[in-house]
Amino acid sequence: MKKDSPIATLAARSQSPLIAVLANTDPSDELVAQSIDEKYLLAAIAGAGATPVIIPTLLSEEHLNRLINLVDGIILTGDATNIQPSLYGTQGTVESHGPFDKKRDTVAMWLITQALQQNIPILGICRGMQEMNVALGGTLQTGILDNEAYSAHCEIDYALAADLRYAPSHDVSLSTEGLLKRELRQDVVAVNSLHEQAVAELGRDLVVNALSADNIVEAFHHPDKDFFLGVQWHVEYALKKDPVSVAILAAFSRAIRASQRQTKSA
């Protein structure tokens with residue numbers, strides 16, 4: 001077997017932690033697809049030193065129950081779809097709050113519930129953070145890019161190259177009570193911004209970790225869990241270049257490995 005072959009690489013990682021990475025439902029064609037950006041998988045591999053396991057949104061609870069016992073951590077990815085407003089007590093249409101991915105909503109809420117019950121380390125990114133907030137009874141604010149109250153958040157030019165779209169666009173202030181302040185040891189960090197919705201009412205037991213200048217919650221954590229962190233910006237992009245992303249994924253990795261050791265010693 002060649003040392004650098006895909007099989008050899010998988011064999012070398014056979015003892016590495018397994019991270020469940022949630023996919024999305026892509027109905028853009030007559031044949032519905034499951035989609036996921038490679039950058040989230042690279043975040044698990046290169047950022048957290050783990051082996052990613054893609055979780056399709058079409059799995060039943062029986063399937064999910066089998067998988068949850070195998071993985072050591074969870075990443076909830078970002079996506080262009082939004083959470084159904086009925087899940088956080090609001091009425092809305094596809095035009096006002098969409099597009100939606102109902103299959104993903106179902107699986108995401110199940111995974112978050114398991115992360116809470118079993119204390120599985122979980123990292124929510126963009127939509128993933130919003131899912132975590134909703135799962136804990138929080139609400140979302142839609143249309144922030146059209147609202148003058150949120151002046152730090154600008155319209156997104158999707159025609160730009162990825163490096164420009166994902167470049168830092170505003171600062172966030174880190175809370176002294178937050179996990180991020182302890183990990184990053186900074187007061188302010190620059191982040192990218194590609195979201196059109198945001199946290200409105202914070203979910204129960206969550207602690208704000210980062211605020212933008214226009215008072216949007218950009219990160220939170222659950223203080224009673226080993227690692228329950230949601231970040232509104234895309235830490236998975238340019239993870240080798242951005243020290244903030246590196247530090248967050250390293251903290252996630254440490255939490256996963258600590259959880260592994262506790263499981264083995266139990």
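Lys-39 and Glu-236 are both buried. In this predicted model, the side chains of these two residues, Lys-39 and Glu-236, form a salt bridge with an N to O distance of 2.4 Å. Lys-39 belongs to helix α2 and Glu-236 to the loop between β13 (228-231) and α9 (243-265), so their pairing ties together parts that are 197 residues apart in sequence. The count of salt bridges comes to 7.

**Helix α2**

- Helix α2 covers residues 38-47, and its buried residues are Lys-39, Tyr-40, Leu-41, Ala-43, Ala-44 and Gly-47.
- After α2 comes Gly-49, which has a positive phi, near 60°.

- Glu-131 and Arg-104 meet through their side chains in a salt bridge of 2.7 Å, N to O.
- Because Glu-131 lies in helix α6 (residues 127-135) and Arg-104 in helix α5 (residues 102-118), this pair ties together parts that are 27 residues apart in sequence.
- Both Glu-131 and Arg-104 are buried.
- A salt bridge also joins the side chains of Arg-127 and Asp-105, at 2.9 Å from N to O.
- This second pair links distant parts of the chain, with Arg-127 in helix α6 and Asp-105 in helix α5, 22 residues apart.

Methods. Residues are numbered from 1 along each chain as its sequence is written. This is a predicted model: local features need pLDDT of at least 70, side-chain atom pairs count only at pLDDT 80 or more; totals for chains, interfaces and linings use all residues. Side-chain values use heavy atoms; hydrogens and water are left out. Buried means under 20% relative accessible area, exposed over 50%, partly exposed in between (1.4 Å probe, protein chains only). Helices (H or I, at least four residues) and strands (E, at least two) are DSSP runs, numbered from the N terminus. A salt bridge is a side-chain nitrogen of Lys or Arg within 4 Å of a carboxyl oxygen of Asp or Glu.
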